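Subject: Structure handover

Dear colleague,

Please find the structure below. My notes on it follow, beginning with the sheet and ending with the aromatic pairs.

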Amino acid sequence: MTGNVIVLNGTSSAGKTTLAKAIQTSADEPYQLFAFDQFRDGLPDRFRGLNSPEGSPGYAGLNVVAAPDDGVVKAYIKLGTHALTMLHGMHQAIASFARTGHHVIVDHYVNHPHAADDLVSTFIGLKTTLVRVVCDRAELLRRERLRPGRFPGTAETQRDIMNECFEYDLTVDSTHTPATQLARDVLAYVANQTTGNGDL
C-alpha cells in the first residue's frame with residue numbers, strides 16, 4: 001500500500017511551507033515533509049552560486065542570477081546539471097518513502113522542464129496530487145520584503161515559470177485564505193480521489 005504524495009509547487013513567499021505545516025497539523029495520519037530548501041541547503045557552498053560564470057561549480061549547481069530590470073534588481077534561479085541530478089535523487093527518495101506506505105508532502109520549487117518531467121516519471125504509480133500555490137502579486141512582494149536574504153522581485157520572476165511546469169490537479173490561493181482552510185481543501189481533494197485519478 002503506497003502513501004499519498006502531495007506536491008506543493010509555487011514561487012518563493014507563496015505560502016508553501018506554511019501550508020505544508022498546516023496539512024501536517026490537520027491530517028489524521030502522519031505526513032512526512034520533504035522540502036526543496038533542505039536539499040538546496042545540503043549542497044556544498046561552492047555549488048550555491050551567485051552570478052557564477054559558466055564552467056564554475058556555482059553554475060553547475062543552483063545559481064542565483066541577479067540582474068537589473070527597470071532599475072530594480074531581480075533574481076532568477078538557474079538549475080545547473082548538478083542541481084538537476086540532486087533533484088532526481090530527491091524525487092527518488094520521496095518515491096521510495098511513499099512506496100513504503102508513508103504519506104508525504106513535498107514543499108517544492110520546480111522551475112525547470114527537466115525537473116518537472118523527472119518528478120512526473122519518478123512518481124508514476126504513486127497517488128500524487130499536484131497543487132499549485134499562488135498568491136496575489138502585491139502580497140507576494142510584501143511577504144518577500146519581510147524575508148531576509150531575498151532579492152526583490154525574485155518571486156515575481158518565478159510566477160510564469162511555475163504555472164507552466166505541470167498540469168496541476170488543484171490550485172490554492174494563499175492571499176487571503178488562512179493556511180488551515182487551504183489544508184482542509186487539499187486534504188478533502190486527496191480524500192475524494194480514486195486510486196486511478198491520483199496516480200501519475
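Which residue stands opposite Ile 105 in strand 6? That residue is Ile 6.

The model is a predicted one, in which local features need pLDDT of at least 70 and side-chain atom pairs count only at pLDDT 80 or more, while totals for chains, interfaces and linings use all residues. Residues are numbered from 1 along each chain as its sequence is written, and side-chain values use heavy atoms, with hydrogens and water left out.

The sheet

An open sheet is formed by 5 strands in the order 2-6-1-7-8, with parallel pairing. Strands here are DSSP E runs of at least two residues, helices are H or I runs of at least four, and both are numbered from the N terminus. Two strands pair if DSSP finds at least two bridges between them. The edges are taken by strand 2 and strand 8, each of which has a single partner strand, so one side of each has no neighbour in the sheet. From one strand to the next, the twist averages 25°.

Strand 6 pairs with strand 2 in the parallel sense over 5 bridges, and strand 1 and strand 6 are also joined in parallel over 5 bridges. In strand 6, 6 of the 6 residues are buried, so the strand is largely enclosed by the rest of the structure. Buried means under 20% relative accessible area, exposed over 50%, and partly exposed in between (1.4 Å probe, protein chains only). His 103, Ile 105 and Asp 107 point one way from strand 6, whereas Val 104, Val 106 and His 108 point the other way.

Helix 8

Helix 8 covers residues 179-192, which is 14 residues. From its first C-alpha to its last it reaches 20 Å, close to the 20 Å expected at 1.5 Å a residue; the expected span is 1.5 Å times one less than the number of residues. Its buried residues are Ala 179, Leu 182, Ala 183, Val 186, Leu 187 and Val 190. They lie on the same side of helix 8 because they cover an arc of only 130° around the axis, the arc being that of the directions from the helix axis to the C-beta atoms. The face turned away from this buried side carries the exposed residues Ala 191 and Asn 192.

The buried residues of helix 8 pack against strand 1 (4-10), helix 1 (16-26), strand 2 (31-35), strand 7 (127-134) and strand 8 (170-173), where contact means heavy atoms within 4.5 Å. The direction of helix 8 makes about 170° with that of strand 8. Axes are lines fitted to C-alpha atoms, for helices over the stretch in contact, and angles run from 0 to 180 degrees between N-to-C directions.

Aromatic pairs

The structure holds 3 aromatic pairs. Rings of Phe, Tyr and Trp (its six-membered ring) pair if their centres lie within 6.5 Å; planes under 30 degrees apart count as stacked, over 60 as edge-to-face and the rest as tilted. One of the pairs is Phe 36 with Tyr 109, a tilted pair because the centres are 5.5 Å apart and the planes at 50°. Phe 36 is in helix 2 (residues 36-41) and Tyr 109 in the loop between strand 6 (103-108) and helix 5 (113-122), so the pair ties together parts 73 residues apart in sequence. Phe 36 is buried at 4% relative accessible area, and Tyr 109 is buried at 7%.

Regards
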